[in-house]
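Biologist: I have a model open and want to learn how to read it. Where do we start?

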Amino acid sequence: MAGFLFWAVRRVGIAALTVWLVSVVVFCAIQLNPTNPAIVALGAQSSKKARLLFEHRMHLDEPPLQRYLDWIGGMLHGDFGTSVINGLPIHDLIFQRLHYTAVLAVISIICSTLLALPLAVIAARRVGSFAEVSLSTGAVAISAVPDFVLALAILLIGAVLIRMFPVVSQGIVDGDYSALVLPVISVVLVAAAYVFRLARVSLVEMLAAPYVRAAQLRGFSRRRVLWRHVLPNASIVVVHVVALNAIGMMGGQIIVENVFTYPGLGTLLVQSINNNDLPVIEAVAVITAAFIVTINVIADGLVRLLDPRIRQSAGGR
Amino acid sequence: MGGRFGSPLVVLWHGSHGRVGTVLVTVMLLMILFGPAVAPFPPNAIVSDILQGPSREHLLGTDVLGRDVLSRLLNGGRSILILPILAVAIAFVIGTTLGLLAGLKGGLTDVMITGAAEVALSIPALLMVLVLVFTFGHSDFVLVVSTGIFVSPRSIRIIRGAAHAVCSQDYVTAARARGEGDVAIVFREILPNVTGPLLAEFALRLTYAIGFISTLSFLGLGQQPPSSDWGLMVSDGRPYFTQAPLLVIVPALGIAALAIGINLIADEITSHLARNVQPTSN
């Protein structure tokens with residue numbers, strides 16, 4: 001357990017370092033941006049005096065390092081600044097959307113795992129069969145096609161052809177989850193294809209391992225070998241794959257949210273970029289990064305706890 | 001590639017994935033290269049009423065400004081192919097340099113380079129590139145360079161791994177014993193022996209970069225109007241999805257065909273390499 005604690009401290013340290021690096025890159029990038037927030041907020045016709053007043057109020061007249069420290073200090077206390085466009089506190093803007101993004105992410109992680117694993121088992125047991133070939137080909141095609149193209153195809157089927165779901169998703173309104181269906185399917189398909197491909201490969205490898213042959217020679221049924229010998233071993237690989245998947249999925253989720261105009265962090269990010277709303281971009285980018293890194297640390301920790309082989313070795317992966 | 005790899009076309013024609021991929025990519029390449037020459041109208045000319053369905057005069061209909069969709073499609077393929085190729089080339093230059101450095105030098109250099117790649121991989125590239133493109137503007141140069149930078153960590157890992165595996169082979173030890181320097185070893189011993197995996201990786205990354213750059217255009221942060229870039233065409237058509245789904249479907253199919261074709265080719269190269277692996281002691 002001491003080994004795990006040591007690992008956990010180190011892993012969380014690296015995660016914190018990652019988020020900090022993102023905050024530095026994002027802050028520097030925003031500093032270099034030629035957009036003047038005062039003009040964005042007050043319009044091009046605004047007087048010089050009004051702009052100076054605005055800059056003073058938003059602390060834009062202070063040196064960059066001071067502003068970085070204030071900003072990062074505020075973020076740590078949950079004060080994310082105010083939007084330049086509508087003057088609303090960013091905290092309120094983000095909170096609702098973070099909720100939507102998290103709902104989409106969690107449902108998708110669960111569904112994609114539940115969908116991909118049984119299929120991977122089926123495919124791994126019958127290599128070369130029609131089912132395996134068509135599943136594998138489907139997974140390759142889904143991974144190759146850009147996420148927004150796939151999401152649009154699902155939008156076409158679900159909202160234009162069978163007209164069961166809204167073309168523009170407003171999130172979850174009054175407990176109506178129908179707007180969630182198409183975005184979830186899109187994210188799930190992409191994620192499931194990824195999990196399927198990795199899980200299939202490692203299951204095929206495992207089924208060819210000597211201990212599987214040994215168990216079969218001892219007369220255990222195929223079913224028993226699969227459930228009692230192979231799958232417990234494979235579960236570790238699977239958690240690992242799900243962890244890897246979480247990062248890729250969040251990138252895809254930014255896109256899927258935009259295709260369906262689902263009101264999550266991804267749409268807020270693109271919207272604030274198009275509006276030149278600098279403080280919102282900064283905050284959303286850093287919070288999204290923190291969200292992803294957190295999911296990843298949790299998944300990595302689960303892998304550690306599940307796998308006795310890694311748990312015992314003190315070193316890295 | 002020479003003898004060891006066999007003629008590339010023979011390799012690609014070996015399996016069904018390779019065949020379908022080669023046909024798809026060839027068709028798309030012909031379309032992208034010669035499309036502008038055979039397009040019936042200029043891509044930005046307003047030639048008809050808006051949002052017309054397919055007709056004899058406009059085979060794929062017209063868009064929201066009354067421009068011919070077929071002509072725009074035939075003219076808009078270049079950015080979807082050339083920009084990703086340049087981006088992956090940049091990623092490979094970065095990846096090869098740092099990956100070989102890490103694989104050859106080992107020690108602290110290795111730890112620092114792999115550590116940096118690891119950190120970069122834990123953040124979605126899209127997030128960072130969106131911020132960079134926002135700051136430095138959506139010129140082709142910025143798109144290509146920032147995409148290249150954020151695709152490179154994966155290449156660093158692959159190339160480091162390949163270099164590492166090759167470094168422990170007897171022929172590298174022999175070359176070292178002959179007194180050859182690092183540069184000679186890299187160019188004469190290591191690179192020729194990792195061509196296959198690098199080629200497969202290049203094709204895979206190219207698929208990814210095509211998706212990535214067309215996504216940026218779709219989000220309004222890549223190619224700008226009035227360009228008929230396919231990603232941008234999809235984005236332009238999105239508000240009229242219910243009335244005129246063809247506006248979205250046509251360019252989306254173009255992107256999908258290109259991406260799937262290249263991915264299938266990568267698949268075929270990978271399985272060719274897997275078939276031809278010589279069993280080694282390590």
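Modeller: With the helices: each one is a DSSP run of at least four residues, numbered from the N terminus. Keep in mind that this is a predicted model.

Biologist: Take chain B. How many helices and strands does chain B have?

Modeller: Chain B has twelve helices and zero strands. Its C-alpha trace spans about 75 × 45 × 30 Å along the principal axes. Of its 282 residues, 48% are buried.

Biologist: What share of the contacts in chain B join residues at least 24 apart?

Modeller: Take the contacts between residues at least 6 apart in sequence; 68% of them join residues at least 24 apart.

Biologist: Which residues make the contact between helix 1 of chain A and helix 7 of chain B?

Modeller: From helix 1 of chain A come V25(A), V26(A), A29(A), I30(A) and L32(A). Helix 7 of chain B brings M128(B), V131(B), L132(B) and T135(B). By class, this contact has eight nonpolar, one polar and no charged residues.

Biologist: Show me a pair inside one chain. At what angle do helix 7 and helix 8 of chain A cross?

Modeller: Helix 7 of chain A and helix 8 (residues 178-207) of chain A cross at roughly 140 degrees, and their axes come within 9 Å. That angle makes helix 7 of chain A oblique to helix 8 of chain A. The crossing is right-handed. Among the residues in contact are L150(A) and I154(A) of helix 7 and I185(A) and L189(A) of helix 8. The contact divides into nine nonpolar, two polar and one charged residues.

Biologist: Next, the backbone. Which residues have a positive phi although they are not glycine?

Modeller: Two cases to look at. N276(A) has a phi of about 60 degrees. It is in the loop between helix 11 and helix 12 of chain A. L51(B) has a phi of about 50 degrees. Its place is the loop between helix 3 (16-38) and helix 4 (69-75) of chain B.

Biologist: Why does N276(A) count as partly exposed?

Modeller: Count the C-beta atoms around the residue. A buried residue has 20 or more others within 10 Å, and an exposed one has 12 or fewer. N276(A) has 18 within 10 Å, so it is partly exposed. L51(B) has 17 C-beta neighbours inside 10 Å, so L51(B) is partly exposed.

Biologist: Last one. Which residues does a cis peptide bond join?

Modeller: P225(B) and P226(B), with omega about 5 degrees. P226(B) is in the loop between helix 10 (182-218) and helix 11 (230-237) of chain B.

Definitions and conventions: Residues are numbered from 1 along each chain as its sequence is written. Chains are lettered from A and ligands numbered from 1 in the order in which they are written. This is a predicted model: local features need pLDDT of at least 70, side-chain atom pairs count only at pLDDT 80 or more; totals for chains, interfaces and linings use all residues. Two residues are in contact if their C-beta atoms, placed from the backbone, lie within 7 Å. Helices (H or I, at least four residues) and strands (E, at least two) are DSSP runs, numbered from the N terminus. Ala, Val, Leu, Ile, Met, Phe, Trp, Tyr, Cys and Pro count as nonpolar, Asp, Glu, Lys and Arg as charged, and the others, Gly among them, as polar. Axes are lines fitted to C-alpha atoms, for helices over the stretch in contact, and angles run from 0 to 180 degrees between N-to-C directions. Angles under 35 degrees count as roughly parallel, over 145 as roughly antiparallel, 65 to 115 as roughly perpendicular and the rest as oblique. A crossing is left-handed if the near helix is turned anticlockwise from the far one by less than a right angle, and right-handed if clockwise.
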